[in-house]
Amino acid sequence: MIKFILSYILVCFMPLVALPINNNGPIGWASVNANGQNGTTGGAAGGVATVNNMNDLIYYCGLSVPYIIQVQGMILITPKGRHIAVSSDKSVIGLGAGAGLTQGGFSVGNDKKNIIFKNLTIADTYVAGDWPGITQDWDGIQIKGTCSHIWVDHCTFLRQGDGALDISNGANYITVSYSKFGANNKVCLIGSSDTDPFTDRYKVTMHHNWFEETTQRHPRVRFGMVHLFNNYYYDMGNYGRVMGYAISNGYGIGIGVNAQIYSEQNYFEKVVYPSQFYDNTSQPGYMIDIGSHLVQSGNVLSSPGGINWNPANYYQYTPDPASQVKAIVLANAGAQQNNTFIPGNLPLESRLLMSNHPNPFSFCTTISINLPRQGHINLKLTDPSGKAVHEIQNKNGNEGLNTVIMKRDGLKQGVYFIILEFQGHKQIHKVVIN
């Protein structure tokens, strides 16, 4: 017989804290109603799963149904350089500042859409004292192919061997916000090549991002209608000097062939080349810069004559004054300590939170259930075939945290599933006994 003890002791439970900034949806191109997708909501219409290993991450990211995938801890990716493919209608969210991937990254491919990456640290590993220790060649997040409506928010990218975040092969309607890019040579490429056939794509907004100890591509743009506002650029080229690259001073914004860049209210500090042209006479690139703040930096090179669009005609936004950008970005960019970013206005089934710790376990584990309101809980354990092993709980639960300590008591080693049913909604969580 399995013994279950109802407990209100917070055993290894992480409280729910909502980040106030940009938690209700993206600002910029990812918010636009286009291509049959009205804004970017990720997995809001689906269930919630918490993962702490590569196999579970691959499984949930690959599902054909909406899902909020909460990443617990740093997940080691094998083999090195592997990219985890993410399907449509997913939110991949780090639980705390120390959650994410190491030795690999994510990829979004053809025809995928409506995906959110939030509060993740994506970093190569290194030995203390051997900074930055880059020998591999992979991206942090690849957004490539005919995908659309992707939002990257409050993420930290460190020590990628290739690009930290590359947008290529026709990707469209993308927002990158409040993210930290550090210890990288190449940061963000937008547009695949000078002969890219997708000349009407690459609508990208980047705002309130922090670039430090990076060298180039912040971003480098081909063809795209790219909006850059309220980003903080610091000392482009320091990474290159440490690594011994020939480029002793990097650059901020790269203006490539047929680029249409709208830059405003950015903050450049100790940046010798805030912008550089990489176009050609037959395919000139254009950039307008409005109100950027320069501290110990060179001039912002621009060519506004060919700009034929204004972001305010496509979406609503209010830029902060450029002089305040440094303080705002330093205080808010990058992965945060917050343990969940699930906003309160999501459907009920997306606000049911269930996890257990430890997982896997040998003797006992604590099941933590957070309810959006008081109501009846049916909680049972099944084997992989769906056969019920035991009814864990069949009674009312309180709004907020409810915990149950589940003892092994004779269960065989293997995989089981905890099934939570609450007011017509269901959550499924995998548990492993070792």
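Predicted model: local features only at pLDDT ≥ 70, side-chain atom pairs only at ≥ 80, totals over all residues.
Residues are numbered from 1 along each chain as its sequence is written, and side-chain values use heavy atoms, with hydrogens and water left out.

**Figure 1. Overview of the protein.** The protein contains three helices and 37 strands; helices (H or I, at least four residues) and strands (E, at least two) are DSSP runs, numbered from the N terminus. Of its 434 residues, 56% count as buried, where buried means under 20% relative accessible area, exposed over 50%, and partly exposed in between (1.4 Å probe, protein chains only). The protein exposes about 16800 Å², and carbon and sulfur atoms supply 49% of that area. Accessible areas come from the Shrake-Rupley method with a 1.4 Å probe; for residues, only the protein chains shown count as cover.

**Figure 2. Strand E20 and its pairing with E17 and E23.** In strand E20 (residues 204–207), Val204 and Met206 point one way and Thr205 and His207 the other way, and all are buried. Two strands are said to pair if DSSP finds at least two bridges between them. Strand E17 (residues 172–177) pairs with E20 in the parallel sense over four bridges, and Val176 stands opposite Met206. E20 also pairs in the parallel sense with strand E23 (residues 225–229), over four bridges, and there Met206 stands opposite Leu228.

**Figure 3. Positive phi at Tyr173 and His208.** Most residues other than glycine have a negative phi, and most peptide bonds are trans. Tyr173, although not a glycine, has a positive phi of about 55 degrees; Tyr173 lies in strand E17 and counts as buried at 10% relative accessibility. His208 likewise is not a glycine and has a positive phi of about 55 degrees. His208 belongs to the loop between E20 and E21, and its relative accessibility of 4% makes it buried.

Figure 4. Pro79 is found in the loop between strand E6 (74–76) and strand E7 (82–85). Pro219 occupies the loop between strand E21 (210–216) and strand E22 (220–221).

**Figure 5. Buried and exposed residues of helix H3.** Val325, Val329 and Asn332 are buried in helix H3 (residues 325–332). Seen down the axis of H3, the buried residues fall within an arc of 85 degrees, so they line one face of the helix; the arc is that of the directions from the helix axis to the C-beta atoms. Ala327 and Ala331, on the other side of H3, are exposed. The cover over the buried residues of H3 includes E21, strand E24 (232–234) and strand E27 (267–269). Gly334, which follows H3, has a positive phi, near 95 degrees.

**Figure 6. Pro384 and its contacts with Val415 and Phe417.** Pro384 is placed in the loop between strand E33 (375–382) and strand E34 (388–397). With a relative accessible area of 60%, Pro384 is exposed. Leaving aside neighbours within four places in sequence, Pro384 is in contact with Val415 and Phe417. The C-alpha atoms of Pro384 and Tyr416 are separated by 5.9 Å, although these residues are 32 apart along the chain.

Methods:
Contact = heavy atoms within 4.5 Å.
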